[in-house]
Amino acid sequence: MESTAPPLVSADWLSARLSDPGLVVVDASWYLPAAGRDANAEYRTAHIPGAVRFDIDAIRDRNSDLPHMLPSAVEFAAAMEELGIGPNHHVVVYDGSRTNLSAARVWWTFRVFGHSRVSVLDGGFTAWASATRPVQHGEVRRPRTGYPMCRRIDTLVADRARVERIVAGAEQAQLVDARSAPRFNGEVDEPRPGLQRGHIPGSANLPFDVITNPETGILFPPEALREMFLASGLDPCGQIVASCGSGVSACSVALAIEVIRSGDAAHTGPPVAVYDGSWAEWGKAGKR
């Protein structure tokens, strides 16, 4: 989809515009249980001033037994009204992971429902706090807004049936898995019980945490990102379907591709789709 906002904004950019009434900051932090971190508690302790909390485990499809699947359009619109986000707001999303672990997921979610004015804060909360910028404690409650009925842009979402067509060769697309190499190669157990080891046949592996600078959490420049994709056997200008463990870190790969494409008019391509169910669905024992 065509965006009306840059995929990334810097902490300096946000600091200069934090009081803009047309801008809403969203804390989208989320962590696997093994990380031992409580994203909601961290938000209450310190967040960017004015930031509202988007919990992907709360704003989800409650009829699915898969983790944090996309909500329906009705559920998304209702959640945005509750958060005080309107359809014309420029939303800036961040997390505290230093790898865009979940900020990109919420960025992608907004785009799926046609909200194109959305950006990720490059470097996340680390970039904000590292310059001793102000933080806020407690919870932020914005006035409720109207959010008209929206529709899901299906080209940004892949389901199991589409991935099966790609695996079978009935549809042409590149598959990329954003999990760590040991998980992709089946060398370690999955963090969720009941899942097989391994990866979707034909997938390339590009771990989501290699696309950000480990010291700063800042995304690498577009040309460096492009070289990473090419080295993994992927054409960032081609049709790509990204997956991971549960559809979260795959969105970091989608964000990186958007950054590559936005940096050079010659680097364009079809919309990147994310397999929402990812390995949580594909890797279920006995259901392959």
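**A parallel sheet, its helices and its side-chain contacts**

Five strands make an open, parallel sheet in the order E1-E5-E4-E2-E3. This is a predicted model: local features need pLDDT of at least 70, side-chain atom pairs count only at pLDDT 80 or more, and totals for chains, interfaces and linings use all residues. Residues are numbered from 1 along each chain as its sequence is written, and side-chain values use heavy atoms, with hydrogens and water left out. Helices (H or I, at least four residues) and strands (E, at least two) are DSSP runs, numbered from the N terminus. Two strands pair if DSSP finds at least two bridges between them.

Now take strands E4 (residues 90–94) and E5 (residues 118–121). They run parallel and are joined by three bridges. Valine 93 stands opposite valine 120 in E5. Helix H4 packs on the sheet and touches strand E2 (23–27), E4 and E5. Contact here means heavy atoms within 4.5 Å. The direction of H4 makes about 175 degrees with that of E5. Axes are lines fitted to C-alpha atoms, for helices over the stretch in contact, and angles run from 0 to 180 degrees between N-to-C directions.

Arginine 105 forms a salt bridge with aspartate 276, with the closest N and O atoms 2.9 Å apart. A salt bridge is a side-chain nitrogen of Lys or Arg within 4 Å of a carboxyl oxygen of Asp or Glu. This pair links distant parts of the chain: arginine 105 is in helix H4 (residues 103–112), and aspartate 276 is in the loop between strand E10 (273–275) and helix H10 (278–282), 171 residues apart. Arginine 105 counts as buried because its relative accessibility is 2%. Aspartate 276, at 5%, is buried too. Buried means under 20% relative accessible area, exposed over 50%, partly exposed in between (1.4 Å probe, protein chains only).

Arginine 152 meets aspartate 154 at 3.0 Å, N to O. Arginine 152 has 38% relative accessibility, so it counts as partly exposed. Aspartate 154 is also partly exposed, at 48%. Glu81, Glu82, Arg141 and Arg144 are linked in a salt-bridge network. The count comes to 18 salt bridges.

Next, the rings. The whole structure holds five aromatic pairs. Rings of Phe, Tyr and Trp (its six-membered ring) pair if their centres lie within 6.5 Å; planes under 30 degrees apart count as stacked, over 60 as edge-to-face and the rest as tilted. Phenylalanine 76 and tyrosine 147 are edge-to-face, 5.8 Å centre to centre with 90 degrees between the planes. Phenylalanine 76 is buried at 0% relative accessibility, and tyrosine 147 is buried at 7%. Tyrosine 94 and phenylalanine 125 are stacked, 6.0 Å centre to centre with 25 degrees between the planes. Tyrosine 94 lies in strand E4 and phenylalanine 125 in helix H5, so this pair ties together parts 31 residues apart in sequence. Ring pairs also link Phe54, Phe76, Phe110, Phe113 and Tyr147 into a cluster.

Finally, look at arginine 179. It forms a salt bridge with aspartate 177, at 2.8 Å between the closest N and O atoms. Both residues are buried. The charged end of arginine 179 also sits over the ring of tryptophan 279, 4.7 Å from its centre. A charge sits over a ring if NZ of Lys or CZ of Arg is within 6 Å of the ring centre and within 35 degrees of the ring normal. Arginine 160 lies over the face of tryptophan 282, at 4.9 Å from the ring centre.
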